[in-house]
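These are my notes from going through one model.

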Amino acid sequence: MRFLRRLPLRIGLTLLVAVELYPLVWLVLGSFKTQDEFFSKPTWALPEQLDFHNYTEAWAAGGLGRNVLNSVLVTVPALVLMIALGVAAAYALEVMVWRGRNAVLLAFLAGIMIPGQMILVPLFTVYFEIGLTNTLWPLIITYTVMGLPLTVFLMAAYLRAIPREVFESATVDGAGMLRSFFRIAVPMMRNAIVTIALVEFFSVWNDLLIALTFTTRDELATVQVGLLQFSDEYGSTQYGPLFAAISINVLGILVLYLFLNKQIMAGLAAGSVKG
Amino acid sequence: MHSVLGDKKAVLILLGPALLVYTLVKLVPVFWSLGLTFYTGNPLGGFEFVGLDNFSRFIADPQARSALWFTLKYAFVLSVGQIVLGYALALLYVFVLRRASNFVRTVVFFPTVLPTVAVALLFNSLFATGQQQGPVNAGLEAAGLSSVDWFSTGGGTFVVAIVMELWRSMGFFAVLLYAGLLDIPEETLEAARIEGATGWRLVRHVVLPLSLPILLSTVIFSVNNTLKVFDTLLALNNGGPGGETTPLTLYMYRTVFNYADYGYGSTIALVLTIMCLMVTLVVFRSARRDITGS
């Protein structure tokens with residue numbers, strides 16, 4: 001009886017999970033199909049064999065390895081810079097007492113509201129003028145700064161929750177501000193730092209606008225830009241390699257997601273103020 | 001103690017670098033971009049001062065109007081979908097699945113972290129027609145209906161874009177609202193149940209009013225983000241057919257980088273910024289009320 005009563009719910013849940021997973025399963029199955037199978041077999045047929053040649057093709061011809069490397073080379077330095085600068089700034093703005101700190105905090109917060117399009121043209125001009133366009137620096141610099149407002153905002157909110165007495169007693173014990181920043185604030189904020197790092201990792205890794213604007217040559221393409229170009233070249237002709245390329249991106253993120261699932265959910269929910 | 005907390009040298013060391021790059025790479029470009037709205041041209045061909053011409057050009061430009069209209073339509077429909085589905089899922093997690101919701105939450109949330117271009121290319125294939133038939137059209141044919149060439153019309157592309165974005169983002173909104181629903185005290189719900197409020201009536205008269213603040217900021221967050229849509233529409237159908245699904249962001253991008261009109265591009269960016277600013281102002285207001293209310 002109880003089983004029957006729960007039946008509609010079970011069916012509904014199964015449907016929900018199927019809707020979320022089916023496109024991904026179909027994608028991965030497609031990445032093993034040959035060109036012939038795409039045209040001659042029904043779209044939901046299973047691939048005839050588990051052949052990885054689409055993957056090697058995508059990796060070699062699509063330059064996917066280069067793209068992944070570029071994305072790493074951009075994302076890691078941008079995250080390190082963003083967090084180092086952001087946490088220090090939040091500490092100076094939230095814990096320390098000086099005239100004008102509210103105005104500076106407000107200037108940072110205003111940055112959350114301004115869309116990337118607003119700074120695209122001047123930055124493009126300047127990066128071109130000073131000859132940075134043929135490097136990954138424009139991406140690193142722009143991502144660092146675009147992530148700063150949210151980092152400062154969330155870190156300041158986190159510091160606000162730490163009792164003032166902690167810093168005051170450190171001061172009484174003779175610690176200077178720099179010392180109590182490195183010895184007290186940073187270790188206490190370890191969880192918050194991991195959270196913001198995850199939120200920003202996904203927004204930098206998944207960005208297309210900045211990467212597309214400042215990537216002038218194919219060798220500099222990040223994963224997102226590479227995929228876009230890949231589909232332009234392969235789109236209507238070679239489905240196998242295209243599906244393999246998309247699968248590599250999806251599976252890579254899936255592995256990361258399964259490891260960090262809890263922290264990601266908490267982090268993205270906390271980072272939702274981002275506009 | 002105040003002399004230590006206000007140590008000028010420490011402030012400079014800690015805040016200086018962040019403030020410097022932020023000023024150079026964000027604040028200065030914003031004002032520079034504002035200045036550009038009064039000019040037309042580009043660095044290579046030279047700039048010409050045109051006063052407010054860019055703004056009157058924007059109002060008269062049919063492509064700009066179509067992009068503006070599309071952006072508003074997209075933001076409205078998608079936001080309504082995200083909130084309704086997200087809220088329904090959040091209610092499911094909290095009241096039906098309770099502690100067992102972990103698996104479903106994890107699965108439904110996963111697409112949120114996927115690269116948007118990958119998702120757009122995947123959905124382009126899912127809805128494809130012709131030689132490489134996607135499962136959607138194959139399913140329609142199997143059901144005895146005729147397949148639809150989704151990407152040959154603006155309306156079809158719009159439908160796919162909305163379905164895709166709901167698939168991708170509903171898990172995120174569910175988690176966001178779920179976190180809000182968990183804050184409702186169990187005693188309040190228990191009291192309402194004792195008074196006889198169950199099921200739909202409990203939601204309608206107790207849960208909904210109590211989650212209104214978080215719901216409101218989620219609405220505005222959603223609108224604010226959907227207004228900036230760029231990557232998914234570019235990758236899904238390149239803003240087409242014929243520019244019918246080109247939002248302001250993509251139109252701005254093309255104006256600058258395909259037609260090299262930096263001044264007009266900056267004007268379009270400014271219109272977008274003003275729209276986001278208006279929405280965000282309401283976010284902060286409702287967020288403040290949220291804090292003082294609780």
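**Entry 1: annotated spans.** I started with the UniProt record for chain A of this predicted model. That unreviewed entry gives "transmembrane region" at residues 7-29, 72-93, 105-128, 140-159, 180-205 and 239-260 of chain A. I checked two of these spans against the coordinates. Residues 72-93 of chain A are 100% helix and 0% strand, with the end C-alpha atoms 31 Å apart.

For chain B, the unreviewed UniProt entry puts "transmembrane region" at residues 12-34, 74-95, 107-127, 158-181, 202-223 and 262-284. I looked up two spans here as well. Residues 74-95 of chain B are 100% helix and 0% strand, and 31 Å separates the end C-alpha atoms. Residues 158-181 of chain B are likewise 100% helix and 0% strand, with 32 Å between the end C-alpha atoms.

**Entry 2: cavities.** I counted two cavities of 30 Å³ or more. I then took the second largest cavity, which holds about 40 Å³ of space. Which residues line the second largest cavity? I listed Ser71(A), Val74(A), Thr75(A), Tyr143(A), Val204(A), Trp205(A), Asp207(A) and Thr222(A). Helix H4 (64-94) and helix H10 (190-205) of chain A each give at least two residues to this lining. H4(A) has the largest share, with three residues. Sorted by class, the lining has four nonpolar, three polar and one charged residues.

**Entry 3: aromatic pairs.** My search of the whole structure returned 33 aromatic pairs over all chains. One of them is Phe70(B) with Phe158(B), an edge-to-face pair at 5.9 Å centre to centre and 75 degrees between the planes. Phe70(B) is in helix H4 (residues 62-97) and Phe158(B) in helix H8 (residues 154-182) of chain B, so this contact ties together parts 88 residues apart in sequence. I noted Phe70(B) as buried, at 3% relative accessible area. Phe158(B) has 13% relative accessibility; the limit for buried is under 20%, so Phe158(B) counts as buried too.

Next I took Phe230(B) and Tyr253(B), whose ring centres are 5.5 Å apart with planes at 55 degrees, so I logged the pair as tilted. Phe230(B) sits in the loop between helix H11 (212-226) and helix H12 (231-237) of chain B, and Tyr253(B) in helix H13 (residues 248-257), 23 residues apart. Are Phe230(B) and Tyr253(B) buried or exposed? I found Phe230(B) and Tyr253(B) buried.

**Entry 4: charges over rings.** I found Lys73(B) over the face of Phe158(B), 4.6 Å from the ring centre. In chain A, Lys33(A) lies over the face of Phe38(A), at 6.0 Å from the ring centre.

**Entry 5: backbone.** I noted a cis peptide bond between Gly240(B) and Pro241(B), with omega about 0 degrees. Pro241(B) is in the loop between H12 and H13 of chain B. Asn238(B) is in the loop between H12 and H13 of chain B and, although not a glycine, has a positive phi of about 55 degrees. I read Asn238(B) as partly exposed, at 47% relative accessibility. Ala260(B), another residue other than glycine, has a positive phi near 55 degrees. Ala260(B) belongs to the loop between H13 and helix H14 (262-293) of chain B and is partly exposed, at 28% relative accessible area.

Technical notes: Residues numbered from 1 in each chain as written. Chains lettered and ligands numbered in written order. Predicted model: local features only at pLDDT ≥ 70, side-chain atom pairs only at ≥ 80, totals over all residues. Heavy atoms only, no water. UniProt positions renumbered as here; feature names shortened; annotations may be inferred. Helix = DSSP H or I, 4+ residues; strand = E, 2+ residues; numbered from the N terminus. 1 Å grid on protein atoms, 1.4 Å probe; cavity = no way out; pocket = protein on both sides within 12 Å on 5 of 7 lines; lining within 4 Å. Points joined across faces, edges and corners; volume = space filled by probe spheres on them. Nonpolar A, V, L, I, M, F, W, Y, C, P; charged D, E, K, R; others polar. Phe/Tyr/Trp six-rings, centres within 6.5 Å; stacked < 30°, edge-to-face > 60°. Buried < 20%, exposed > 50% of the residue type's maximum accessible area, 1.4 Å probe, protein only. Lys NZ or Arg CZ within 6 Å of the ring centre and 35° of its normal.
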